[in-house]
Amino acid sequence: MNKVFPNARTALEGLLRNNMLIAAGGFGLCGVPDRLIDAVRDSGVTGLTIASNNAGLDGEGLGKLLRSRQVRKMISSYVGDNKEFERQYLAGEIEVEFSPQGTLAERMRAGGAGIPGFYTPTGVGTLIAEGKATGEFDGRCYLLERAIVADIALVKAWKADTSGNLMFRKTARNFNVPAATCGKICVVEVEEIVEVGALDPDHIHLPGIYVHHLVLGAPYDKKIEFRTTRLREV
Amino acid sequence: MSWTRDQIADRAARELRDGYRVNLGIGIPTLVAIHIPHGMTVTLQSENGTLGICPFPYVGEEDAAKATARYL
């Protein structure tokens, strides 16, 4: 089965529809599936619900889909640094479901592992707990959180082989692994595609069984949201 | 006169003790990484899950794949 597509548009062809649930990797502008987001924007689908740690910046990352008004709801842990999101939210044009960062990661991981829900102590006694069932274990209260199973997962990885076995770099791995596993269909963009056997099996971060479609996204103009450096002492 | 962000981070860093494992949350806390007292060994954890992160890169050695919670 061929998983490699010539570009992001063809990798997503026939997979997108209005009102679908998308899980996307990324943390700030790090490890964001930019080519695939561009292709979703160009497809014109609307009413999207997107589960992603952040909502992108103004005009960057998922911010592109906010600007084009294709998003109905975000499931995120943090939506700051984005004026357009703020404007749409305050105007009642977009819905947000806040999910604490570790809870969001586990909701995706659970969805990918076939686990419909789990108990966590995070958020007990806060707004996050509203409307959620609770359980007591060993004298402590926990919230029942539901797993996320997305219609499609959009993922950015570093390297892939043609079977879709993936490697990530540094913190760009972030939510990409749990997002990939929770998608009914997982579409991945990478910086390099190599032949099967070229990657050391011990170095694979995500097995190719989770990956359905693959596209080479290079070359990348890697953006850094806030650049912080130090000077060498002389 | 109010404190600068670096002064706040420096003051917070003085709360650290040798051997601590330290979670750096979003914002000013990430600046604590560059104010760890000399000779002290602590293990830092960043909000997005990395363990054992190090001080900020030298100019010219920035890497878009390395992010912490703000002040990448």
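**View 1. Asp138(A), a residue out in the open.** Asp138(A) is exposed, with 85% relative accessibility. The labels work like this: buried means under 20% relative accessible area, exposed means over 50%, and partly exposed is in between, using a 1.4 Å probe and protein chains only. Look for Asp138(A) in the loop between strand E7 (134-137) and strand E8 (140-146) of chain A. Helices (H or I, at least four residues) and strands (E, at least two) are DSSP runs, numbered from the N terminus. Asp138(A) isn't a glycine, yet its phi is positive, about 50°. Most residues other than glycine have a negative phi, and most peptide bonds are trans.

A quick note on all the views: this is a predicted model, where local features need pLDDT of at least 70 and side-chain atom pairs count only at pLDDT 80 or more, while totals for chains, interfaces and linings use all residues. Residues are numbered from 1 along each chain as its sequence is written, chains are lettered from A and ligands numbered from 1 in the order in which they are written, and side-chain values use heavy atoms, with hydrogens and water left out.

**View 2. Around helix H4 of chain A.** Asp81(A) sits in the loop between E4 and helix H4 (83-90). Asp81(A) is another residue other than glycine with a positive phi, near 55°, and it is partly exposed at 30% relative accessible area. Asn82(A) caps the N-terminal end of H4(A), with a side-chain oxygen 3.3 Å from the backbone nitrogen of Glu84(A). After H4(A) comes Gly92(A), with a positive phi near 75°.

**View 3. Ser76(A), tucked away in a strand.** You'll find Ser76(A) in strand E4 (residues 71-76) of chain A. Ser76(A) counts as buried because its relative accessibility is 0%. Leaving out residues up to four places away in sequence, Ser76(A) touches several others, including Asn53(A), Phe98(A) and Leu104(A); contact means heavy atoms within 4.5 Å. A polar atom of the Ser76(A) side chain lies 2.8 Å from the backbone oxygen of Ser52(A). A polar contact is a pair of N or O atoms within 3.5 Å; within protein, one must be able to donate a hydrogen and the other to accept it, and residues adjacent in sequence count only if both atoms are side-chain atoms.

**View 4. Where chain A meets chain B.** Here 20 residues of chain A are in contact with 21 residues of chain B. The buried area is about 2100 Å², with carbon and sulfur atoms giving 60% of it; buried area is the accessible area (1.4 Å probe) that two parts lose on being put together, summed over both. Two salt bridges cross this interface, a salt bridge being a side-chain nitrogen of Lys or Arg within 4 Å of a carboxyl oxygen of Asp or Glu. Asp63(B) forms a salt bridge with Arg169(A), and their closest N and O atoms are 2.5 Å apart.

**View 5. Cysteines without a partner.** How many disulfides does the whole structure have? The search over all chains comes back with zero; a disulfide here is a pair of cysteine sulfur atoms within 2.5 Å. For Cys182(A), the nearest cysteine sulfur belongs to Cys186(A), 8.9 Å away. Cys182(A) is buried, at 1% relative accessibility.

**View 6. A cis peptide bond.** The peptide bond from Ala218(A) to Pro219(A) is cis, with omega near 0°. Pro219(A) lies in the segment after strand E14 (213-216) of chain A.
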